[in-house]
Amino acid sequence: MTLLDVRGLTVTYPGGANAVRGVDLRLDAGRKLGVAGESGCGKSTLALALLRLLPAGTRVGGEILLDGEDVLAMKWGRVRAVRWAGASIVFQGAMHSLNPVRRVGDQIAEPVLLHRRATPAGARRRTGELLEQVGLPAARGSAYPHELSGGQRQRVMIAMALACGPRLIVADEPTTALDVMIQAQILRLIERLVTDQDVGLIMISHDLAVLAGTCDRLAVMYAGRVVEEGPARQVYEAAQHPYARALSAAFPRIGDPASRFAPRGLPGDPPDPSALPSGCAFHPRCPVVLDSCAVQDQALRPAGPHRHAACVRVTPEPSDPGEPGHPPPTTGDSPGSPRSTPAEGPGSPPQPTSTRGPMPGAGATPGEPGPQPGATAEGPGPRRHAGADGPGAEAGGTGGGVEEGFRRP
Ligand SMILES: Nc1ncnc2c1ncn2[C@@H]1O[C@H](COP(=O)(O)OP(=O)(O)O)[C@@H](O)[C@H]1O
Ligand code: SF4
Ligand SMILES: [Mg+2]
């Protein structure tokens, strides 16, 4: 059963930054989807949009169906109810997310009191249970955040996220600020809770290796779009999109001395989301760019069984069986789709006349037919101002299982 179904999500901040540009994804209960990408590619914006936590004046388009109900179309009271009980978020940096002058037990109890209408004694009991679920003694509820270690604080954040039994947990860089031992403990904890409680998990990180070790599927974002998605291990070990390959190569692999001594990086910076490059947004940094890439945008296309990538060099394998029962994800909209907008390019197939070198990896065949003209991921026009939600609204939940993340247009 599909827990979360995101369709053509677009987010534009008041200053004009197109932070999310037509993302589709789908998640089933009990599944784990990793979202990876460099800083600034729109991961946190995506997470905040799922819970309608974006600042006032932000334009949001598309649909976010949580158990079939569009979060973007909900009345404000319904949104508040869905947060926590439907879905919840674990933010990066627990020290900044917890109130420093309140005991952590009181902070965990607050949503239980508000959303479950528990008695004070019932909320205390539930708080103790939650702390024990995340591996802390119930008595630690009387501590202030500064009295806890970084790992303990992050456990408190996870206990808060679980407080009202959400169906979806969104974890935004939950281990980035932690040392490697504690990071492993927190990851195992999150994995266990997802399995035991059959919730869906969206885990966001810049660290592909962490996601590959934790999640079932992986989506790699660049400039507000998903540029590759598929089974987590396959995307990590044999990415097909040049950006996903570069991101993967940036992390040394255990047991591979070559990668340990010479991790490769990617020159240049991610583009400014208010002034994106034409065509494929990755083209100024792409090591295997074609002339056509500067004018021709790319949608996700089949890139092997249950895999998709948005690159002209990736060609569908004739034997690709597709995903029966799980339409492939795409961030791009096909021509004629209700969300489609004209391509940035002239609409003609790409002319692969020059390359900076062959693209290593399976499935990449320079000169193969290009993307469908007109495929962009811009989605429909902005449809509402997230500001109606009010800034600083409480972090609450949405939940969803990560399954075959994306849909065929
Ligand atoms: N409140 C905001 N107002 C304007 N631009 C923002 C805001 N928050 C994020 N951005 C911009 O949106 C882009 C995506 O940011 P973010 O979603 O935080 O990326 P990530 O989580 O992948 O690092 C960045 O260019 C960032 O500068
Ligand atoms: S080859 Fe072209 S389409 Fe593919 S990632 Fe590079 S610039 Fe983008
Ligand atoms: Mg972020």
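# Reading the terms in this model

Q: Why does Glu 173 count as buried?
A: Glu 173 has 20 C-beta neighbours inside 10 Å. A residue is buried if 20 or more other C-beta atoms lie within 10 Å of its own, exposed if 12 or fewer, and partly exposed in between, with C-beta atoms placed from the backbone. Glu 173 is therefore buried. The model is predicted: local features need pLDDT of at least 70 and side-chain atom pairs count only at pLDDT 80 or more, while totals for chains, interfaces and linings use all residues. Residues are numbered from 1 along each chain as its sequence is written, and chains are lettered from A and ligands numbered from 1 in the order in which they are written.

Q: Is Asp 198 buried, exposed or partly exposed?
A: There are 15 other C-beta atoms within 10 Å of Asp 198, which means that Asp 198 is partly exposed. Asp 198 sits in the loop between helix 7 and strand 8 (200-205). Asp 198 is not a glycine, yet has a positive phi of about 55°.

Q: Why is helix 1 called largely enclosed by the rest of the structure?
A: Of its 8 residues, 8 are buried, so helix 1 is largely enclosed. The buried residues are Lys 43, Ser 44, Thr 45, Leu 46, Ala 47, Leu 48, Ala 49 and Leu 50. Just after helix 1, Arg 52 takes a positive phi of about 55°.

Q: What does helix 1 give to the shell around ligand 1?
A: Helix 1 (residues 43-50) gives the most, with 3 residues. In total 14 residues surround ligand 1, and the closest are Tyr 13, Ala 19, Lys 43, Ser 44 and Thr 45. A residue is near a molecule or strand if its C-beta atom, placed from the backbone, lies within 6 Å of it.

Q: Which residues come nearest to ligand 2?
A: Of the 14 residues around ligand 2, these are Cys 280, His 283, Cys 286, Cys 293 and Cys 311.

Q: Why is helix 4 called oblique to helix 5?
A: Helix 4 (residues 104-115) and helix 5 (residues 120-133) pack at an angle of about 120°, with their axes 9 Å apart. That makes helix 4 oblique to helix 5. Angles under 35 degrees count as roughly parallel, over 145 as roughly antiparallel, 65 to 115 as roughly perpendicular and the rest as oblique. Axes are lines fitted to C-alpha atoms, for helices over the stretch in contact, and angles run from 0 to 180 degrees between N-to-C directions.

Q: Why are helix 4 and helix 6 called roughly parallel?
A: Helix 4 and helix 6 (residues 150-162) pack at about 20°, with axes 8 Å apart. The two helices are therefore roughly parallel to each other. The contact is made by Val 104, Gln 107, Ile 108 and Pro 111 of helix 4 and Val 156, Ala 159 and Met 160 of helix 6. Two residues are in contact if their C-beta atoms, placed from the backbone, lie within 7 Å.

Terms used: Helix = DSSP H or I, 4+ residues; strand = E, 2+ residues; numbered from the N terminus.
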